[in-house]
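This report describes the pockets of one protein model and the surroundings of its ligand. Please examine the sequence and the structure before reading on.

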Amino acid sequence: METLKRVAAIHDISGFGKCSLTVALPIISAAGIEASVLPTAVLSTHTGGFTGFTYRDLTDDMAPITAHWKSLDIRFDAIYTGFLGSFEQLELVTRFFETFKTGDNLILVDPVMADNGKLYEIFTPAFAAGMRRLCERADMIVPNLTEAALLTGEPYHPGPYTEDYIERLLKKLSALGPEKVVLTGVFFNDTELGAATYDAPSGRIACALEKRIPGYYHGTGDVFGSALLAACLNGFTLHESAAIAVRFTTSAIKKTAAAGTDIRFGVNFEQCIPQLLRDLKLG
Ligand code: PXL
């Protein structure tokens, strides 16, 4: 019998707006992987464009949850972190890695903190330095171009990018520690957009691109990261996994654009799950 793989997903729950855990849970579960969740905060909505949202911080619960899981001798095939709200949470996640890292599990850090050349309003440059230290402990990271510039000290460019710039970023990001880097929001012209991958042990660099859909859609980083992880845990190579995740995210954006949905409300990934499962050879 095939064993069920298990992920520890460490993100907030934004009740409305489809990002973080409300995206990671359904995608990981649909892909035949068990998801355990360590919620870092509960918000009424995400912080991208809404005002007046509630924010219940769960920092005080993180160490007790970690200790309880350790006492149960739970093992994880992957640990997946996203939006983290404070230095203290960065520290607690570092402890979580130390507690649950094994010789063969995967630590995936999405350094959620910035986009379009700017840090999200709630974060400071010092937090970016803290996020860099967390990335040093990851096996795989999935920054966008803005986060990559902040992590490496390279200047941010709005694009289109040159292959040289992307290659330099990928190698500098890997030099921080992670063997595998997936850079999102990569484009070399106005017609295509996607992700670039670097697998340091093989030295392979590759790009997975799809037709570009204009506009900015919220939560796409979490849709992408969750699908990427689901593909990696289903045995696909880094490049294959990125290609599957780019296709899934692009399809979700396409459906959302066609429906004219408010861009703060997240993307229609739900109706793209059948396609994801076919790409994962599960459906
Ligand atoms: O999708 C990233 C994310 C997750 N959680 C919260 C956010 C954001 C991005 O803005 O605000 C609360």
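How many nonpolar, polar and charged residues are in the lining of the second largest pocket?

## Basis of the report

The model is predicted: local features need pLDDT of at least 70, side-chain atom pairs count only at pLDDT 80 or more, and totals for chains, interfaces and linings use all residues. Residues are numbered from 1 along each chain as its sequence is written, and side-chain values use heavy atoms, with hydrogens and water left out.

## The second largest pocket

The lining of this pocket has three nonpolar, one polar and five charged residues. Ala, Val, Leu, Ile, Met, Phe, Trp, Tyr, Cys and Pro count as nonpolar, Asp, Glu, Lys and Arg as charged, and the others, Gly among them, as polar. Among the lining residues are Lys-5, Asp-104, Glu-179 and Leu-233.

A pocket is an open set of points on a 1 Å grid over the protein atoms alone, where a 1.4 Å probe fits, with protein on both sides within 12 Å along at least five of seven lines; lining residues have an atom within 4 Å of a point.

The largest pocket is lined by 50 residues, of which Asp-115, Asn-144, Tyr-216, Tyr-217 and Thr-220 lie nearest its centre. By class, 21 of the lining residues are nonpolar, 20 polar and nine charged.

The ligand takes up the space of this largest pocket (more than half of its atoms lie within 2 Å of the grid points). Residues around the ligand (a heavy atom within 4 Å) include Cys-19, Phe-83 and His-218.
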